[in-house]
Amino acid sequence: MSIAGLRVLQITPLCQLQDLGRLGYQSHGVTRSGAADPYNFKVANILLGNPINTPCLEFALTGGEFEIVADSIKIAFSGNFELFVNNRAIDSYCTHSLHRGDLLRVGTPTLGVRGYLSVLGGFDCEPELNSCATHVRSGLGGFAGGMTAGSLLPVRHTWAPHTRDYALRKSLQRPQRSSIRVIAGPQQAHFTQRGLDDFYSTSFSVQADSDRMGIRLQGKSIEHAGDGNIISDPVLPGSVQVPASGDPIILMVDGPTTGGYPKIGTVATVDIGVLGQLGTGETISFEEISVADAQHLAREEHQFLATLSHRLDCF
Amino acid sequence: MVIRCKLRIKILQINLVSTATLTAVGDSALLVEFDNRIDPAINTQVLMLKQHVEAAQLPGVIEVVPSYRSLLIQYSCIIASTEQLTATVASLLEELGDRQSKTRCWRVPVLYGGEAGCDLDDVARLHDMSTEEVINLHCEAVFRVYMLGFAPGWCYLGGLPEPLHTPRLSSPRLQVPKGCISIGGQQGMIGALAMPSGWRLLGQTPVRSYDPGREPPFIIEAGDEVQFFAVDTAEYQRLEKAAEKGDLLIEAVGRGPEQ
């Protein structure tokens, strides 16, 4: 039996197979990886009724082109990108049935920078260290043969029933926000009052060298109380480090496991995905919230996503 | 129990070695900080607490990450409650002893100098010694693995002899070779895959501290001890070939309980 899947016609290295991340190996220096916008990743799977952690293709800024090499497959795309099937525009936040020979083209983003392509039943890939999340520099995750023009990305279901399609209406999609919610600390004492005031009351612009490892910001230089160094300490996605330069760096999903710069705050879990949609030059500000409030938001989002499948539009 | 501020949840005098401070980090992590210094006794406490937390299999805990003097416990705030977790970890801290049961020691072969050890001559010059003296000092030292971090399998080592303390490069190299053996400040490092680094390169080991295609993918763990020994190019190449086939190349030598 021949392998069914998506034949890559055109792709960039910014397209990667991701899941919700590789847990359990940070104590060995292995970064978590996973979707940079976990919210839209989950929505892509919810649209198809896939298990929530089913690996998806993550697109960043750029798209790609694929030929369907299977009798029929069902796909969904979450995120605001231009999408085409055989040069005909199709909607994102929606499921679509595709057939052998169809050409699927993911164009450029219309809002935000990242989008997720899921297929019914998921891509067929072998987890490494418990995850399919791609981390190029660690040699982990992704498809066994890599992903370049000509590659076949195998899918688990070679045939998808011609069932109804589902869509997530605009009013239920996560709204954009430029105010990032942050829990103070753990090294707040390493900053002067002026440094803290500047952090929470001024805005910062996203620098061009931002990526899945970290979002580099520029704005008012944040003043340290000390020399801007600590004994290397564990960090996690959302840790806001401020090196001696005073320009904050928000660590993202591909960030290191430890860091030696003081951390002024930690981004609330619900806003990690918001960060994953930031493009170069965009402006953000920080808003301090309590641990309890951040946890309340996380539970609310969890509850919202857990029941979302009942609120999809069906056609 | 002392409440220091809304973030500092609890401070405990756990034993004669150190105090411990529990702090919420973001909405999904709890940081246990011991005294703020690089000290084998404190690192031992960190690693023992890690074992205790893992053995307790607390619901919702997803990662337990040690560093020199702190332990980050990551959890799902959908499953676990911060208050409950803090109370549990505090009680584990109270039961913590101050003796590590057993230390493993690894003897790690190194090809000193050459392209992969391109800072060896500079380090010797900076300290006004010969390259042989640098190598001898580096091989005589018994290093402690304080933590793995930065990238998969990279080992941060304490115990670099004082005459070898050397500042890091002012601007990091974009890529250093796999298995690089380096020093930075008062620390040593065993590298794994090629990465950017600003540490001074003394040599290269054929030992793969991390190999995703091998079972087990990791060899050296935090709390272990490491001693280096010099090999020549021919021996390096022989070992490199064996490592390619999945040979670990090294064996742990057990040592008695630590003081």
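B:Glu33 is buried, at 9% relative accessible area (buried is under 20%, exposed is over 50%, and partly exposed is in between, with a 1.4 Å probe and protein chains only). B:Glu33 also has a salt-bridge partner, B:Arg69, with 3.3 Å between the closest N and O atoms; a salt bridge here is a side-chain nitrogen of Lys or Arg within 4 Å of a carboxyl oxygen of Asp or Glu. B:Arg69 counts as buried too, at 9% relative accessibility. B:Glu33 sits in strand S3 (residues 29-33) of chain B and B:Arg69 in the loop between S4 and strand S5 (70-75) of chain B, so the bridge ties together parts that are 36 residues apart in sequence. Strands (E, at least two residues) and helices (H or I, at least four) are DSSP runs numbered from the N terminus.

Before going on, some ground rules. This is a predicted model, in which local features need pLDDT of at least 70 and side-chain atom pairs count only at pLDDT 80 or more, while totals for chains, interfaces and linings use all residues. Residues are numbered from 1 along each chain as its sequence is written, chains are lettered from A and ligands numbered from 1 in the order in which they are written, and side-chain values use heavy atoms, with hydrogens and water left out.

Back to the salt bridges. Over all chains, the structure holds 25 of them. Another one in chain B pairs the side chains of B:Arg173 and B:Asp119, at 2.8 Å from N to O. B:Arg173 belongs to strand S9 (residues 173-176) of chain B, and B:Asp119 to the loop between strand S6 (103-112) and helix H3 (120-126) of chain B, so this pair joins parts that are 54 residues apart in sequence. B:Arg173 is partly exposed, at 24%, and B:Asp119 is buried, at 3%.

Over in chain A, A:Lys220 pairs with A:Asp198, and their closest N and O atoms are 3.9 Å apart. A:Lys220 is in the loop between strand S13 (214-218) and S14 of chain A, while A:Asp198 is in helix H2 of chain A, 22 residues away. With 45% relative accessibility, A:Lys220 counts as partly exposed; A:Asp198, with 11%, counts as buried.

Now zoom out to the domains of chain A. Chain A is split into domain 1 (5-165) and domain 2 (179-306), with bounds from an automatic or database domain assignment. Their centres, taken over C-alpha atoms, are 28 Å apart. Domain 1 puts 26 residues into the contact and domain 2 puts in 18, where contact means heavy atoms within 4.5 Å. About 1600 Å² is buried between these two domains of chain A, 51% of it on carbon and sulfur atoms; buried area is the accessible area (1.4 Å probe) that two parts lose on being put together, summed over both. On the domain 1 side, A:Ala36, A:Tyr39 and A:Arg114 lose the most area to domain 2, together 27% of what that side buries.

What holds charge across this boundary? There is one salt bridge between the two domains of chain A. A:Glu58 and A:Arg212 are bridged at 2.8 Å, N to O, and these two residues also belong to a salt-bridge network with A:Arg114 and A:Asp254.

Next comes the interface between the chains. Chain A brings 39 residues to the contact and chain B brings 46. The two chains bury about 3300 Å² between them, with carbon and sulfur atoms giving 60%. The salt-bridge count between chain A and chain B is zero, but 15 residue pairs are in polar contact, both at pLDDT 80 or more. Strand S11 (179-184), strand S14 (233-234) and helix H4 (291-306) of chain A each supply at least two residues to the side that touches chain B. H4(A) gives the largest share of that side, six residues.

Finally, a few backbone spots to look at. Most peptide bonds are trans, and most residues other than glycine have a negative phi. The bond joining A:Gly185 and A:Pro186 is cis, with omega about 10 degrees, and A:Pro186 is in the loop between S11 and helix H2 (193-201) of chain A. B:Gln57 is not a glycine, yet has a positive phi of about 45 degrees.

Key
A polar contact is a pair of N or O atoms within 3.5 Å; within protein, one must be able to donate a hydrogen and the other to accept it, and residues adjacent in sequence count only if both atoms are side-chain atoms.
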